[in-house]
Amino acid sequence: MASVLVVEDDQFVRSALIRHLTDASHTVRSVGTALEALREVAHLRFDVVILDLGLPDLDGSEALKMLRGITDVPVIVATARDDETEIVRLLNAGADDYLTKPFSVEHLSARMAAVLRRARSGPAEGEPSPVIRVGGLTVDPLRRQAELDGARLDLTRREFDLLAFLARRPGVVVPRKELLAEVWQQSYGDDQTIDVHLSWLRRKLGETAASPRYLHTLRGVGVKLEPPGAGAPR
């Protein structure tokens, strides 16, 4: 069961979401504006936020950026916008997932379950979480911190999860399907999601896809992380 904030100004859609989530035994609060949503997350703890983009007072993408400034609660964007550029922008702004309207309640349930599994997952009790070092990169899974050449990296939750997963397998090519399953907790999904997060992570590591240092993409195969000079992808 989860505590869910529904941010949706369409009363019909809002009522349907509340009914479905309540029937699934979730605790639900709902608001119809971005400013109300910001007030809610500032004073209450939620497990997930379902955010509509077409809000009357502030565009949802701007609301998303403001949410990210005060909380790392998982956010699923619900949007009628299916433009690729817009989706990339939403992921870059900090969305954990997105759904294109109209969507079924079953689809929403599956996406929520995946996001919640990932948000709640952590090291098993008693499981060691040693600091990982790959070249000048240091990843501390227990403290959820990463540094590059001694400088701390400002990573989102998903960026950290992706980096840590690859850092635990230095030099190993990880298939995209495995990344979706392990990092996103999804058995299916869009490769674009991975590409966007890799691009974002590369920028913070001071590299590009054309001139990689740590992150190497093998087209049609997968992704690997290795220290600079350890070898280039073929």
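This is a predicted model: local features need pLDDT of at least 70, side-chain atom pairs count only at pLDDT 80 or more; totals for chains, interfaces and linings use all residues.
Five strands form an open sheet in the order 2-1-3-4-5, with parallel pairing. Strand 2 (27-31) and strand 5 (97-100) stand at the edges. Each has a single partner strand, so one side of each lacks a neighbour in the sheet. On average, neighbouring strands are turned by 20° against each other, direction ignored.

Strand 3 (residues 48-52) pairs with strand 4 (residues 75-79) in the parallel sense over 4 bridges. Here Ile 50 stands opposite Ile 76 of strand 4. Helix 1 (residues 11-23) packs on the sheet and touches strand 1 (3-7), strand 2 and strand 3. The direction of helix 1 makes about 170° with that of strand 2.

## Helix 6

Helix 6 spans residues 157-167. Of its 11 residues, 11 are buried, so the rest of the structure largely encloses this helix.

Arg 158 meets Asp 96 at 3.8 Å, N to O. Asp 96 sits in the loop between helix 4 (84-92) and strand 5, 62 residues from Arg 158. Arg 158 is buried at 5% relative accessible area, and Asp 96 is buried at 7%.

Glu 159 meets Lys 204 at 2.8 Å, N to O. Lys 204 lies in helix 8 (residues 191-205), so this pair ties together parts 45 residues apart in sequence. Glu 159 is buried at 0%; Lys 204 is partly exposed at 27%.

## Other salt bridges

The whole structure holds 13 salt bridges. One of them joins Asp 195 and Arg 176, with the closest N and O atoms 2.8 Å apart. Asp 195 belongs to helix 8 and Arg 176 to helix 7 (residues 176-182). Asp 195 is partly exposed at 36%, whereas Arg 176 is buried at 17%. Shared partners also join Glu 8, Asp 52 and Lys 101 into one network.

How values were computed
Residues are numbered from 1 along each chain as its sequence is written. Side-chain values use heavy atoms; hydrogens and water are left out. Two strands pair if DSSP finds at least two bridges between them. Helices (H or I, at least four residues) and strands (E, at least two) are DSSP runs, numbered from the N terminus. Axes are lines fitted to C-alpha atoms, for helices over the stretch in contact, and angles run from 0 to 180 degrees between N-to-C directions. Contact means heavy atoms within 4.5 Å. Buried means under 20% relative accessible area, exposed over 50%, partly exposed in between (1.4 Å probe, protein chains only). A salt bridge is a side-chain nitrogen of Lys or Arg within 4 Å of a carboxyl oxygen of Asp or Glu.
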